[in-house]
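Let me get it on screen and then jot down what I look up.

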Number of protein chains: 2
Amino acid sequence: MGDTEYHRLLGIGRSAFQGLEDHLERRDYDGLEYRHVSEYRRGVERGTALIDGDVVRGFPKVPRTLVLESGIPTAFDDEFVVEEKVNGYNIRAVRVGGEILALSRSGMICPFTTRMLERLVDLEALFERHPSAMVCGEVIGPENPYTAHDYPDVDSLAFRAFDWRDRRSGDPLAVRERRSRYERFDVPQTPSFGFYGIDEADAVRTIVDRLDADGREGIVMQSSDGTMQLKYTTAASNRDDLAYAFSLPFDYGQPFMFRRLIREAFQSVEWAESESVARERAHDLGEAILLSMRESILTVEAGETVGERHTVRASPEAVDVLFEHLRGQGLHLEIETDRREDDDRVVTFCKQTQATNDRIGNYLAGRVVEE
Amino acid sequence: MGDTEYHRLLGIGRSAFQGLEDHLERRDYDGLEYRHVSEYRRGVERGTALIDGDVVRGFPKVPRTLVLESGIPTAFDDEFVVEEKVNGYNIRAVRVGGEILALSRSGMICPFTTRMLERLVDLEALFERHPSAMVCGEVIGPENPYTAHDYPDVDSLAFRAFDWRDRRSGDPLAVRERRSRYERFDVPQTPSFGFYGIDEADAVRTIVDRLDADGREGIVMQSSDGTMQLKYTTAASNRDDLAYAFSLPFDYGQPFMFRRLIREAFQSVEWAESESVARERAHDLGEAILLSMRESILTVEAGETVGERHTVRASPEAVDVLFEHLRGQGLHLEIETDRREDDDRVVTFCKQTQATNDRIGNYLAGRVVEE
């Protein structure tokens, strides 16, 4: 297909498409050439991919509110659904050219997830019936190469659908229709807490409290027609993120850390915490920051290295393509354990975080800081 | 004097000076035109000023160590002095064209400090004897327009000399010579804790502990010849800074906050804190961050504004030139109280911090965050 056709699929003009082309990254997946929008933000969603003459839309950025009470009526006109936001990595499963592919947030075909997908969920019947569906979901569980978070009911890896969109237009299904279709096709979904009115921030707060107590990430709210989304996270999740980021303080961005600190403060105020409850929150926050950094400094001082540690369990071939994929992105991997279990290879590896290892080492050695 | 002469005073080539000229800011003080290096960092110190055919060197950036034990032998070959780092604002007093002027860190003539200086310290005899002296010191005390920090022995405003340099070359006096000269001319100085060898990090640590317990800022170490400097701050000071910065979270830079968090972690490790002491430190840190933000959000929620509050006590004329000077820098001031005491005007004012007021207000009103 000539490029002149893509602009129609994307619903933009010829010249807008030409402007977009400079921002497209060209990649190859198993001999299939494709291009994707890894960062571009004007007009076309980040993560949009052009594959084989066809278009896969990016998943839209979900706005966040810092205050439920005022944020909910700002975002919604009417009833909205509250669903759990699960903590893993975002993928979009689509069928292009007869093959089911899993695309990452940035629009790369993830060779690992693409191979694992059929183990996690059977999407054949769904795509037979709805060929242009885009199954948007999260891959969760402790044995994944991107974000490891424990869920009591997930041993290795699992899939949870949270949205259903048209692959070409990006239009979402209405929430009730989406949930019933996924049920029909036996696709696991993120839990729903039901529908609420825009004056029911207190009820939403109760859900968040429960998730917080369970150490879960938070919620995504969505208008019934699926077009408007709004997210909100628990203190437990903000703090987990902070602890992780501060364990690798020179590799994580300061805006990442700062945003989470801000969330804590607004939550404390909205929830009208007493002085002593706020102080308790402050202590937990301080521990997330300081004890994590301290642990990493002690590790480097002891001559060891810090980094992002992951375990994956997959076919030997899936592990191979994963490592190739990660190294192709310039990551340095250190294999820590590598064993066979039945037909699977189970590998624990560490993504080296060079900035943190180097800078901690330098400061411990007495390097001065110009400031 | 033609510009061609300045390059000789600065000890750089003609073409280097031409390169510098684009970075010079042109200002006027009471009809005296001058230029200064407000940000330039290559070759010529920030804060260097060209006044009336003469040169006033900037005060060099003082490097910091995050670890005393390794930082001290990295910075010094031999004995070094430990002096208190006092918390106020840095000025350089020089006599140019017969007049004693006070220059700020960035090389601006501060009209307020210039007028207050003679109240704080008599430098006439010093400049008579040493016309090219640059008296480097800190203006401290609760009644100043830049950084208000309490010292038990300072009611309003005081001056503490911490360095003596040649105004043109920037060369420092040796430490013992500097201290004895200031004593001779009756100029108040920052306290000295004496000289130490490079293997005496433990003794330095004891000084820092004592300052920390008193809520003081920290120390500056200096080689005996005065050429090499190294600073180190107390946990109390890091936390005070954090509490202040997080009370105005959208006006203070994230790097400012991040650097202080890092300092806390390295100090905790170097001081080999037990788990429980480190946890205590983490709690104090968390309070500095969260409770300060919370307080500001509560203030904005109550319809009030947050900002940097200062009190000054000076002659009506000095107060006038101060406000003109601050407004000339684009600051918005709100006068809160304004009264006369004897011949002085005592004014409490607030420098509005617009970003923090606006963003807190917006988030409280439900504005979503795109992230």
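What follows are my entries, topic by topic.

**Ground rules**

I'm working with a predicted model, so I note that local features need pLDDT of at least 70 and side-chain atom pairs count only at pLDDT 80 or more, while totals for chains, interfaces and linings use all residues. Residues are numbered from 1 along each chain as its sequence is written, chains are lettered from A and ligands numbered from 1 in the order in which they are written, and side-chain values use heavy atoms, with hydrogens and water left out.

**The two chains**

I started with how chains A and B relate.

**What the record says**

I looked up UniProt for chain A; its positions are given in the numbering used here, feature names are shortened, and annotations may be inferred rather than shown by experiment. The unreviewed entry places "domain: RNA ligase" at residues 78-226 of chain A. I find that span to be 26% helix and 32% strand, with its end C-alpha atoms 12 Å apart. (Helices are DSSP runs of H or I with at least four residues, strands are runs of E with at least two, and both are numbered from the N terminus.) UniProt also lists "domain: RNA ligase Pab1020 C-terminal" (unreviewed entry) for residues 244-366 of chain A. Here the make-up is 59% helix and 21% strand, and the end C-alpha atoms lie 25 Å apart.

**Strand β6 of chain B**

Is β6(B), residues 89-96, buried or exposed? I count 8 of its 8 residues as buried, so the strand is largely enclosed by the rest of the structure. (Buried means under 20% relative accessible area, exposed over 50%, partly exposed in between, with a 1.4 Å probe and protein chains only.) In a regular strand the side chains alternate between the two faces of the sheet. In β6(B), Tyr89, Ile91, Ala93 and Arg95 of chain B point one way, Asn90, Arg92, Val94 and Val96 of chain B point the other, and all are buried.

Next, the partners. β6(B) pairs antiparallel with β8(B), residues 133-140, over 5 bridges (two strands pair if DSSP finds at least two bridges between them). B:Ile91 has B:Gly137 as its bridge partner in β8(B).

**Strand β11 of chain B**

I moved on to β11(B), residues 218-223, which is mostly covered: 6 of its 6 residues are buried. Gly218, Val220 and Gln222 of chain B point one way, and Ile219, Met221 and Ser223 of chain B the other. β5(B), residues 80-85, pairs with β11(B) in the antiparallel sense over 6 bridges. β12(B), residues 229-233, runs antiparallel to β11(B) and is joined to it by 5 bridges. What stands opposite B:Ile219 in the neighbouring strands? B:Glu84 stands opposite B:Ile219, and B:Tyr232 is its bridge partner in β12(B). β11(B) and β12(B) form a hairpin with 5 residues between them, where B:Gly226 in the turn has a positive phi of about 85°.

**An open sheet in chain A**

I found an open sheet of 3 strands in chain A, in the order β14-β16-β15, with antiparallel pairing. β14(A), 307-314, and β15(A), 333-341, stand at the edges with a single partner strand each, so one side of each is left without a neighbour in the sheet. The twist averages 15° from one strand to the next. β14(A) and β16(A), residues 344-352, are joined by 8 bridges, and A:Ala314 stands opposite A:Arg345 in β16(A).

**A buried asparagine**

Last, I picked B:Asn357, found in helix α12(B), residues 354-364. B:Asn357 counts as buried at 10% relative accessibility. Leaving aside neighbours within four places in sequence, B:Asn357 is in contact (heavy atoms within 4.5 Å) with B:Val300, B:Glu304, B:Thr305 and B:Val306.

Definitions and conventions: Axes fitted to C-alpha atoms, helices over the stretch in contact; angles between N-to-C directions.
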